[in-house]
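Colleague: Could you take a close look at one part of this model for me? I'd like to hear about the pockets and the charged pairs around them.

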Amino acid sequence: MTTTVLWSTVLLASVASFGLKLAGHLVPEHWLATARVQRTSTLVTVALLVSLVVVQTFAAGSSVVVDARVPALAVAAVALALRAPFIVVVVLAAAAAAGLRALGWG
Amino acid sequence: MSRPLAPEVSAAVRQGAGVAVATGLYGISFGALAVVAGLSVAQTAALSLLLFSGGSQFALIGVVAAGGSPLAAVATSTLLGARNMLYGAVVSPLLSLHGWRRAVAAQVTIDESTAVAVGQRTPAAVRAGFWTAGVGVFVLWNAFTLVGALAGDALGDPRAWGLDAAAGAAFLALVWPRLAERRAQAVAGLAVVVTLALVPVAPAGIPVLAAAGVAIVVGATAPAAPPPATGTEADR
């Protein structure tokens, strides 16, 4: 993306983000309080985040590959199961991938 | 203010501050990953200042890094930010603000400030918790974003540092606490299948949006979940 396109992307997403937050503060509470809306919102959040995990871990352009990112994700999952804080999870995953690559794999 | 703070208010402030420090720190990983994805330091800082929603920010740079279109990046980021609208509707009546204070509150309405606010028992503690967590995360998240962006700029090859793997770990950490419910696990499984199936055939960014589409269909059509834990067994 060119600089102009990137800036437009950043600013457009920012306006949309603030618009959603402000709308939440302004609309009558009962509009959004239905069980179906709450449930759908929760599920959409889960689906987007899981899909991003998969893309970040297995995609290389338009191919699906297994490289050092996969064991690194497993390390992150173990750290999360052990209730490690966010920053520790991220650093451990990066260290695992960096270590494997330093050893010449992935 | 000469009066000492009520105990529940100072407890809310301590809780908000703790959350702010923990969350603010991982602004470092966002800053570093954003410049690795191809954003400038200024664009990275602008995202944390203006967009200010961790999941959406990571999503936007994730789509950009994968070579997705600007539209896909904005759409993914915005869909992920939709939950902030629900948070706004929850905290707004608790804060009862007007005018510019309401706009400021809206900007700092995120996972963390909402969670701290709704966890308090008195109106004063709700306000104290919301503002401490919201403003605290805002200040620290932006400061550490800048640190990460400047560090990321100086790092060189991101793969040698495992930064590409850090992005997947960041998303996993964000979704982890949301996977407790059975239906969420099912949607997570569907999201994995849909994404893996579409990565080889669809343009970058589209597999993620397709996974969101599946979740919308499931959420809109599935029967109501059993009542939450507060209901008795006889209610079901």
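How do the residues of the lining of the largest pocket divide into nonpolar, polar and charged?

Modeller: Keep in mind that this is a predicted model. The lining of the largest pocket splits into 23 nonpolar, ten polar and six charged residues. That makes a lining of 39 residues around a volume of about 970 Å³. Nearest the centre lie Asp111(B), Glu112(B), Leu174(B), Pro177(B) and Arg178(B).

The bridge ties together distant parts of the chain, with Arg178(B) in the loop between H9 and helix H10 (182–198) of chain B and Asp111(B) in helix H7 (residues 111–118), 67 residues apart. Asp111(B) counts as buried because its relative accessible area is 18%, under the 20% cut-off. Arg178(B), at 22%, is partly exposed.

Now the second largest pocket, with about 580 Å³ of space. Its lining has 31 residues, and among the closest to its centre are Arg69(A) and Gly62(B). H4(B) gives the largest share of that lining, five residues. By class, the lining of the second largest pocket holds 22 nonpolar, five polar and four charged residues.

Arg69(A) has a salt-bridge partner too: Asp67(A), with the closest N and O atoms 3.0 Å apart. Arg69(A) is buried at 8% relative accessibility, and Asp67(A) is buried at 11%.

Conventions:
Residues are numbered from 1 along each chain as its sequence is written. Chains are lettered from A and ligands numbered from 1 in the order in which they are written. This is a predicted model: local features need pLDDT of at least 70, side-chain atom pairs count only at pLDDT 80 or more; totals for chains, interfaces and linings use all residues. Side-chain values use heavy atoms; hydrogens and water are left out. On a 1 Å grid over the protein atoms alone, a cavity is a set of points where a 1.4 Å probe fits but cannot get out, and a pocket is an open set with protein on both sides within 12 Å along at least five of seven lines; lining residues have an atom within 4 Å of a point. Grid points are joined across faces, edges and corners, and a volume is the space filled by probe spheres set on the points. Ala, Val, Leu, Ile, Met, Phe, Trp, Tyr, Cys and Pro count as nonpolar, Asp, Glu, Lys and Arg as charged, and the others, Gly among them, as polar. Helices (H or I, at least four residues) and strands (E, at least two) are DSSP runs, numbered from the N terminus. A salt bridge is a side-chain nitrogen of Lys or Arg within 4 Å of a carboxyl oxygen of Asp or Glu. Buried means under 20% relative accessible area, exposed over 50%, partly exposed in between (1.4 Å probe, protein chains only).
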